[in-house]
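Biologist: Please put the structure up. Then we can go through it by question and answer.

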Amino acid sequence: MIRVARIDHLVLRSANVPAMVRFYEGVLGCRVERSLPPQTGLTQLRAGDALIDIVAVDSALGRAGGGPPGRAGNNLDHLCLQLEPLGQHELRGWLEAHGVACGEFETRYGASGFGPSVYITDPDGNTVELRGAV
């Protein structure tokens, strides 16, 4: 029987890789783990024990997935990142200080059960759920 232990990585295709890297690194605290040559178009960021891969849509790897994501055709519904404990007020302040609109905190169910979470949007319009901001 197969049992999923954790999410290993997810891949986001982007028309603006620098903006995406700045967002995931500068706002969400991920760090660039490796970046392949521009013709490959892949930047990998460490997100806890998982990776977020950002692929340039105009690279060889990115063109294989079709057109760029946008409001009418994102490449995923949302991704959810489990955060280290942080108060909702502090998280909202951090996001707003970085120009990121912050929705309302709600209790939602995820891999670790029920907990508070909030939705934000990255520079390409992908929805990011931040969980565990207690």
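The turns below move from the overall fold to the sheet and then to the pocket.

Biologist: What pattern does the protein chain follow along the sequence?
Modeller: This is a predicted model. The protein chain has 3 helices and 8 strands. Read in sequence order, these elements give β-α-β-β-β-α-β-α-β-β-β.

Biologist: What share of the residues is buried?
Modeller: Buried here means under 20% relative accessible area. The protein chain counts 134 residues. Of these, the buried share is 40%.

Biologist: Of the contacts with a separation of 6 or more, how many join residues 24 or more positions apart?
Modeller: A contact needs heavy atoms within 4.5 Å. Take the contacts in the protein chain with a separation of 6 or more. Residues 24 or more positions apart account for 50%.

Biologist: Which strands are at the edges of the open sheet?
Modeller: The open sheet holds 4 strands, with mixed pairing. Their order is S5-S8-S7-S6. Neighbouring strands are turned by 45° against each other on average, ignoring direction. An edge strand pairs on one side only, and that picks out S5 and S6.

Biologist: Which residue of S7 stands opposite Glu106?
Modeller: S6 and S7 form a hairpin, with 2 residues between them. They pair in the antiparallel sense over 5 bridges. Opposite Glu106 stands Ser117.

Biologist: And in S8, what is the bridge partner of Ser117?
Modeller: Strand S7 covers residues 113-121. S7 and S8 run antiparallel and are joined by 5 bridges. In S8, Ser117 is partnered by Arg131.

Biologist: Which residue in the hairpin of S7 and S8 takes a positive phi?
Modeller: This hairpin has 5 residues between the strands. A phi near 90° occurs there, at Gly125.

Biologist: Which helix gives two or more residues to the lining of the largest pocket?
Modeller: The largest pocket has a volume of about 830 Å³. It is lined by 30 residues, with Ala47, Cys80, Leu81, Gln82 and Leu83 nearest its centre. Strands S3 (42-47), S4 (50-56), S5 (78-82), S6 (106-110) and S8 (127-131) each give two or more residues. The helix that does so is H3 (88-97).

Conventions
Residues numbered from 1 in each chain as written. Predicted model: local features only at pLDDT ≥ 70, side-chain atom pairs only at ≥ 80, totals over all residues. Heavy atoms only, no water. 1 Å grid on protein atoms, 1.4 Å probe; cavity = no way out; pocket = protein on both sides within 12 Å on 5 of 7 lines; lining within 4 Å. Points joined across faces, edges and corners; volume = space filled by probe spheres on them. Pairing = 2+ DSSP bridges. Axes fitted to C-alpha atoms, helices over the stretch in contact; angles between N-to-C directions. Buried < 20%, exposed > 50% of the residue type's maximum accessible area, 1.4 Å probe, protein only.
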